[in-house]
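Subject: Structure for your review

Dear colleague,

Please find below the structure that I am handing over to you. I would be grateful if you read the notes that follow with the structure open beside them.

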Amino acid sequence: MAASLLSSSPSPVAVLLSAAALLYIVQWLASRSRQDVHRVPRAPSKDAHWLWGHELATFKGEATETYTKWAARCGSLFRVKGALFHPDIIVAADHAAVHHIFHNADDYVKSPAFRPPVANVLGKGLVWAEGEEHKTQRRIISPAFSGTSYALSLLPLALPRDRRPNPAATCCEGDVGKPLRAFGVWVGGHQGHGGRHFRVFRKGKSVTASGKGGPPLISRCPDTPLLVPPLPRVRSFALPDPACCRSGCGHGCARWMRWPLVDGSHNSCSHSHSTPRDEQLESRLTNHVLAAGGAATVNITEYTSTCTLDIIGRVAFGHDFKSGQSLEAKEIHASWLGHVNTGLGFGGFVAMLVMRAVPFITLLLTKLPLEAIRAGGRIREITTKLSMRLLESGSVSEKGRDIMSILVNAQRGSKARGLTPQQIVENISTFIMVGHETTAGSLSFTLLELARHPDVQARLREEIRSAGRELSYDDIQRLEFLDAVVKEGLRMHPASPQTERVALKDDVIPLSTPITLPSGQKLSSLRVRAGQVFHIPFTTMNTNPAVWGPDGAEFKPARWLTPGGVPSLSELPSGWSGITTFCDGPRNCIGYRLAIFEFKVILATLVRSLEFHETTAQVVRKISPTLQPVVDGRGGLLPLHVTLAQ
C-alpha cells in the first residue's frame with residue numbers, strides 16, 4: 001500500500017508547474033482587483049478576429065468610423081480586443097478622461113515601440129521627443145509660433161486698403177538687378193529701356209506716375225520713377241522678367257508679391273515665380289482649367305500639398321520649393337506617396353502590430369530592406385540633406401522669428417540651453433513634413449465638402465468677394481462664414497484622426513460620463529495599471545451626436561453662426577474651439593495658429609475664383625499615417641471637377 005501511494009505521488013516538475021500556475025492566478029486576481037479595465041464595456045465580440053482582435057475591423061473601416069459606431073453602442077469609453085493577444089485597449093472619447101491623459105503628458109506617452117518608426121520618417125524632432133527632451137525642444141521652438149504677428153508678417157495676403165503705395169514721383173536709384181528696400185518695403189528691380197527703374201504694384205495692376213491703374217498684367221517700366229512711401233512691412237514685391245510675362249507663360253505673372261529668401265535674393269521670372277503661394281496655387285488651377293476649355297478634373301491633394309510645402313519652406317526656412325518643381329519637392333512627394341500607400345496595405349497593418357508586440361526588435365525592423373521602411377527612410381534622407389544644406393548656409397537673422405533663426409540663435413547663444421546641430425537638423429526635417437501634409441489633408445477634404453454642398457460654397461464665395469479683392473490680415477479674420485467653414489472642416493476632418501497613449505504608472509482617471517455596470521453600480525473614475533494602452537479618436541469626439549446633436553456627423557458650417565448651434569463650452573472637450581483636432585495639453589499642435597490662418601488664406605483665394613464640383617469617384621478616408629483620401633485603393637487621390645466661378 002505504501003509503495004503504491006509513493007509511486008502515485010506527483011513529480012517535482014508537476015509540483016513546480018502547479019505552484020507557478022497558482023502564483024500566476026493569484027497575481028492576476030490581485031492585479032485585476034486593482035484596476036477597472038475588465039469592468040469597462042467591450043466592443044461587440046462578433047467584430048473581433050481571433051488573432052487580430054478588433055483592430056482588424058478598425059483597419060478595414062474608414063478613419064475612426066468603426067470606433068464611432070462602437071461608441072454609439074458602448075458609450076464614450078470602452079475597450080477593444082488587441083491584436084496578437086495584446087491586452088485590451090481602452091478607446092477613450094470621454095472628455096474628462098481625455099483631458100486628464102493629455103494634461104499629464106509625463107505619465108501618458110506615445111507608444112515607445114512606435115518611436116523608431118517616427119524617427120525613421122521625421123527624425124528625432126519635436127514629434128518624436130518625450131519628457132524633458134520634449135519640454136526643452138518646445139521651449140526653444142515656441143517663440144516661432146507665438147502670437148498672430150508672426151502669421152501676419154509671414155503669410156500676407158494683400159496690402160490693407162489704407163496702405164496702398166502712393167504714386168508720388170521721385171527718383172530711387174539702385175544697383176541693377178538688386179532688390180531695394182525702401183522705407184521698410186521690398187521693391188523688385190530690373191534693367192529695362194536703357195535705365196534702372198523700380199516698380200510698385202497694386203494687386204494685379206501696375207501703378208503709373210499719374211496715379212492711374214495700369215492693365216491687369218505687368219506692362220512696361222514707367223519712364224518716370226516712383227516713390228514708395230514709409231509703410232510698415234506687410235508684404236514684399238518682386239519683378240518678373242517682362243518678356244516672360246508678355247509671352248503669357250501661365251505662371252501667375254499677373255500678381256507679383258513675394259517674401260525675400262533668407263539670403264535676401266530675389267529671382268527673376270524663371271517659370272517658378274515667387275508670388276504668394278496661395279495665389280500661385282489659384283493661378284495654376286485657373287490656367288489648367290482654361291487650357292482644358294473651362295473645366296478640368298484634378299487631383300486636388302497634389303495642388304494643396306504643393307502649396308503648403310511652398311509656404312512652410314518660405315516662412316520657416318527661407319527655402320523655395322518652386323511650386324513643387326524643385327528636385328527636393330518632387331522627391332518628397334514621391335516618397336511620401338509611397339509611404340502612404342504602403343501603410344494602406346495589410347503588410348503595413350501587420351508591421352505596426354509586430355513592433356508593438358515585440359518592441360525590442362523595433363529598431364532592428366527599421367533597418368530591414370522592407371518597402372514600408374525604405375519609403376519612410378527615403379523621406380528622412382531627402383529632408384535631412386536639405387536641412388543640413390540650409391543649416392550650413394548660415395543665412396539666419398539674429399532677430400529672426402522664423403524656425404531656422406530661432407533654432408540656430410538658441411544654439412549659438414547658449415549651448416547648454418540650445419539644441420545641438422543634429423537636433424536642429426532633425427527638427428527642420430520634422431517641420432518640413434508635418435508643416436505641410438497635415439494642413440493639405442484637412443484642406444483637401446474641406447474642398448470636397450464644399451463640392452458636395454454647392455450652397456455653402458456659394459455663400460462662402462459671396463462673403464469673400466464682398467470683402468474686396470485686396471484682403472488684409474484683419475479682413476481675413478473678420479470673415480465670419482470663412483471662419484465657420486474652416487472650423488467645420490477641421491472638426492470633421494482632423495489631419496490626425498486619432499492618437500495613442502500608454503500609461504507609465506498606475507493611475508485613477510476621472511470620467512465626465514459615469515459608466516453604469518450590469519449590477520447598476522456607476523463608475524465615476526477608472527483605475528488603470530502602468531502599461532495600459534489608450535486609443536483617442538479625435539473624429540469620434542468631434543462628431544459625437546450625444547454632444548453635437550443628431551447632425552453632428554454632417555458638414556454644416558452655419559452651426560457656428562447660429563445661436564445654440566454649437567454646444568456650450570462646458571459640454572465640449574478641452575481644445576481649440578471645443579474640438580480636439582489640434583490635440584490638447586503640453587503636446588498640442590505647436591503651429592496651430594499658423595495652420596489655421598494658412599488654411600483660411602488658401603481657401604479664400606481658391607473659392608473666390610474657382611468653383612469645385614464632386615466627381616463620381618468614391619472617396620474614402622483612411623489613416624496612413626495621417627488622414628488620407630483613397631480612391632480604388634490608391635492613397636493621396638481626391639478628384640475634384642474645377643471650373644471658373646461665375
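Two strands are said to pair if DSSP finds at least two bridges between them. Please also keep in mind that this is a predicted model.

With that definition, we may turn to the strands near the end of the numbering. Strand β16 pairs with strand β17 (residues 627-631) in the antiparallel sense, over four bridges. One example is Val620, whose bridge partner in β17 is Val630. These two strands belong to an open sheet of three strands, in the order β16-β17-β18, with antiparallel pairing. Its edge strands are β16 (620-623) and β18 (634-635), each of which pairs on one side only.

The loops of this sheet deserve attention. Most residues other than glycine have a negative phi, and most peptide bonds are trans. Pro625 lies in the loop between β16 and β17, and the peptide bond that joins Ser624 to Pro625 is cis, with omega about -20°. Asp632 is found in the loop between β17 and β18. Although Asp632 is not a glycine, its phi is positive, at about 55°. Is Asp632 buried or exposed? Asp632 counts as exposed because its relative accessibility is 78%, and the cut-off for exposed is over 50%.

Leu84 is another residue other than glycine with a positive phi, near 55°. Leu84 sits in the loop between β1 (77-80) and β2 (89-92). Its relative accessibility is 26%, so Leu84 counts as partly exposed.

A further pair of strands is β12 (residues 507-516) and β13 (residues 522-528), which run antiparallel and are joined by six bridges. Within this pair, Val508 has Arg527 of β13 as its bridge partner. The hairpin of β12 and β13 has five residues between the strands, and Gly520 in this hairpin takes a positive phi near 95°.

Next, the helices. How do α18 and α21 lie relative to each other? Helix α18 (residues 437-452) packs against helix α21 (residues 480-492) at an angle of about 110°, and their axes are 9 Å apart. The two helices, α18 and α21, are therefore roughly perpendicular to each other, a term that covers angles from 65 to 115 degrees. The crossing in which α18 passes α21 is right-handed. On the α18 side, the contact is made by Ser442, Thr446, Glu449 and Leu450, while α21 contributes Val485, Gly489, Leu490 and Met492.

One residue comes with an annotation. In an unreviewed entry, UniProt lists Cys589 for "binding site". Cys589 is placed in the loop between α23 (545-548) and α24 (592-609). Because its relative accessibility is 33%, Cys589 counts as partly exposed. Leaving aside residues up to four places away in sequence, Cys589 touches Arg138 and Phe582.

Finally, some values for the protein as a whole. The protein has 24 helices and 19 strands. Of its 646 residues, 54% are buried. Among contacts in the protein with a separation of 6 or more, 73% are between residues 24 or more positions apart.

Yours sincerely,
A colleague

Technical notes:
Residues numbered from 1 in each chain as written. Predicted model: local features only at pLDDT ≥ 70, side-chain atom pairs only at ≥ 80, totals over all residues. Heavy atoms only, no water. UniProt positions renumbered as here; feature names shortened; annotations may be inferred. Buried < 20%, exposed > 50% of the residue type's maximum accessible area, 1.4 Å probe, protein only. Contact = heavy atoms within 4.5 Å. Axes fitted to C-alpha atoms, helices over the stretch in contact; angles between N-to-C directions. Parallel < 35°, antiparallel > 145°, perpendicular 65-115°, else oblique. Left-handed = near helix turned anticlockwise from the far one by under 90°.
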